[in-house]
Amino acid sequence: MRIAMVGAGYVGLVSGACFAEFGVDVCIVDTDAAKVAALRDGRIPIYEPGLDKLVMDNARDGRLRFTTSLAEAVDGADAVFLAVGTPSRRGDGHADLSYVFAAAEQVALAAQGPVVLVTKSTVPVGTGAKVKALVRQARPDLDIAVASNPEFLREGNAIGDFMRPDRVVIGIEEGASGERALAVLKRLYRPLYLFETPIVATSIETAELIKYAANAFLAVKITYINEMADLCEKVGADVHDVARGIGLDGRIGRKFLHPGPGYGGSCFPKDTLALARTAQDYGAPVRLVETTIAVNDARKEQMAARVVAACGGSVEGKVVAVLGLAFKPETDDMRDSTALVLVPQLVAAGATVRAFDPAAVANARPLLPAAVHYAESALDAAQGADCLVLLTEWNEFRALAPERLKAAMRGDVLQDLRNVYDPEAMRAAGFRYGSIGRT
Ligand SMILES: NC(=O)c1ccc[n+]([C@@H]2O[C@H](COP(=O)([O-])OP(=O)(O)OC[C@H]3O[C@@H](n4cnc5c(N)ncnc54)[C@H](O)[C@@H]3O)[C@@H](O)[C@H]2O)c1
């Protein structure tokens with residue numbers, strides 16, 4: 001089989017490489033010529049564990065190609081996937097669908113024969129119908145089936161998630177077009193039958209909503225445990241025990257019950273916002289999600305005050321080391337990372353910030369104040385610091401020897417915003433240690 005993947009971002013590149021690994025002939029097309037040139041050169045533009053080898057192996061074996069020419073990619077493809085960005089639209093929080101619509105129209109204009117056009121990007125309910133109308137108008141002569149196949153991979157574990165998903169969601173039109181699209185997609189995902197991966201086949205509208213409902217639910221869950229953590233701090237309880245105590249209940253589940261400095265990333269913030277806007281437009285507001293957005297935004301804003309309080313009420317003239325900038329470990333993605341809120345506030349409050357991240361510094365640099373110093377390692381960042389803030393829980397930070405960290409510093413304040421360290425061990429090493437939801 002042969003597919004075109006439009007967009008070589010986190011989703012397009014990972015999905016394309018994984019389909020190639022399944023044995024499919026994949027051509028990934030991107031408008032960013034520099035990105036395509038890098039990929040052709042064997043350079044991977046994003047940090048994602050295992051992706052370099054997967055791309056290299058499949059490119060070498062001739063199953064994975066990169067181009068800037070949509071016509072070349074679409075030519076002879078059994079399916080064309082749209083994996084372009086759907087960021088928040090400035091001003092109103094709706095998903096910006098301009099990339100999706102532009103790409104869909106370009107595909108329609110480039111196609112030579114019948115096409116199955118699959119939206120993998122996260123798009124609001126009703127987008128599939130709009131894409132259908134748009135391609136029909138662009139190419140009334142052509143048979144274009146549209147489908148929705150939302151992607152649930154997590155950055156940092158993207159290959160594993162794609163290769164062994166909990167489910168595959170496929171939204172199709174009614175009638176023969178829908179059947180054709182479903183048959184093509186089922187063939188593409190056939191290797192997953194080995195793992196008995198459930199296929200959830202629905203209408204396009206339902207598939208579109210499943211993606212938002214899933215992300216919003218997870219965002220609510222994180223925000224819930226964050227609020228519980230705040231309450232734990234007030235009443236002298238331990239949020240980890242609370243999380244375990246409730247998470248062992250099969251109805252609740254243990255995942256996504258880890259407190260932190262507020263969720264960020266390329267999906268939850270924009271997707272919760274887009275869902276809230278869609279729901280308002282349809283007169284069925286999702287108040288729980290609206291509140292989650294507000295609580296999470298406020299939480300990110302509160303993190304600087306937490307650090308300032310730990311430093312005795314001021315960071316003026318103090319050196320604050322920040323470990324981790326990416327929104328989560330194992331990625332270089334800075335989109336909506338809490339660092340983008342915390343670090344500028346610390347700088348504005350008069351702190352000298354020494355930051356280190358194993359992968360995200362190149363992406364962080366243009367987004368953070370110019371005054372930030374970038375260290376070579378965690379220990380280097382801690383050098384001469386009055387306060388250390390652990391912001392992203394990279395594994396290499398877990399393994400740091402507390403005594404060495406402490407010895408490198410001038411001060412003794414440690415704010416562990418991911419609850420990575422053992423409070424006793426940190427206090428024994430001489431830190432004034434603070435974490436989330438543990439007294
Ligand atoms: N990042 C994630 O973890 C994740 C997970 C699940 C779903 N999603 C969704 O998948 C979609 C893509 O996300 P991403 O993080 O991969 O985006 P991204 O911004 O990393 O990549 C998008 C790519 O599309 C390219 N592009 C834009 N218009 C194009 C066109 N007309 N033709 C060819 N290429 C074009 C851009 O140059 C860019 O390389 C979004 O809707 C997102 O919400 C993302």
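Before anything else, a word on domains: the domain bounds I use come from an automatic or database domain assignment. With that in mind, hello everyone, and please keep in view that this is a predicted model.

Let's start with the ligand. Domain 1, residues 2-197, and domain 2, residues 203-439, each give at least three residues to the shell around the ligand. In total, 28 residues surround the ligand. The closest are Asp30, Lys35, Thr86, Glu155 and Lys270.

What do some of those close residues do with their side chains? Take Asp30: an N or O atom in its side chain sits 2.6 Å from an oxygen atom of the ligand. The side chain of Lys270 also has an N or O atom 2.6 Å from a ligand oxygen. With Glu155, the ligand atom is a nitrogen, and the distance to an N or O atom of the side chain is 2.7 Å.

How much of the ligand's accessible area does the protein cover? On its own the ligand has 840 Å² of accessible area, and the protein covers 89% of that.

Now, which elements give two or more residues to the shell? They are helix H1, residues 10-21, and helix H5, residues 98-110. H5 provides the largest share, three residues.

You'll find Thr223 in helix H9, which spans residues 204-235. Is Thr223 buried or exposed? Its relative accessible area is 5%, so Thr223 counts as buried, the cut-off being under 20%. Its side chain reaches the backbone oxygen of Ala219 at 2.7 Å. Leaving aside residues up to four places away in sequence, Thr223 touches Tyr263, Thr292, Val295 and Asn296.

My second residue is Val24. Where does Val24 lie? Its place is in the loop between H1 and strand S2, residues 25-29. Val24 is buried because its relative accessible area, 5%, falls under 20%. Again not counting residues up to four places away in sequence, Val24 touches Met1, Arg2, Ile3, Phe19, Arg63 and Leu188.

Methods:
Residues numbered from 1 in each chain as written. Predicted model: local features only at pLDDT ≥ 70, side-chain atom pairs only at ≥ 80, totals over all residues. Heavy atoms only, no water. Near = heavy atom within 4 Å. Polar contact = N/O pair within 3.5 Å; in protein donor to acceptor, adjacent residues only side chain to side chain. Areas by Shrake-Rupley, 256 points an atom, 1.4 Å probe, with all protein chains shown as cover. Helix = DSSP H or I, 4+ residues; strand = E, 2+ residues; numbered from the N terminus. Buried < 20%, exposed > 50% of the residue type's maximum accessible area, 1.4 Å probe, protein only. Contact = heavy atoms within 4.5 Å.
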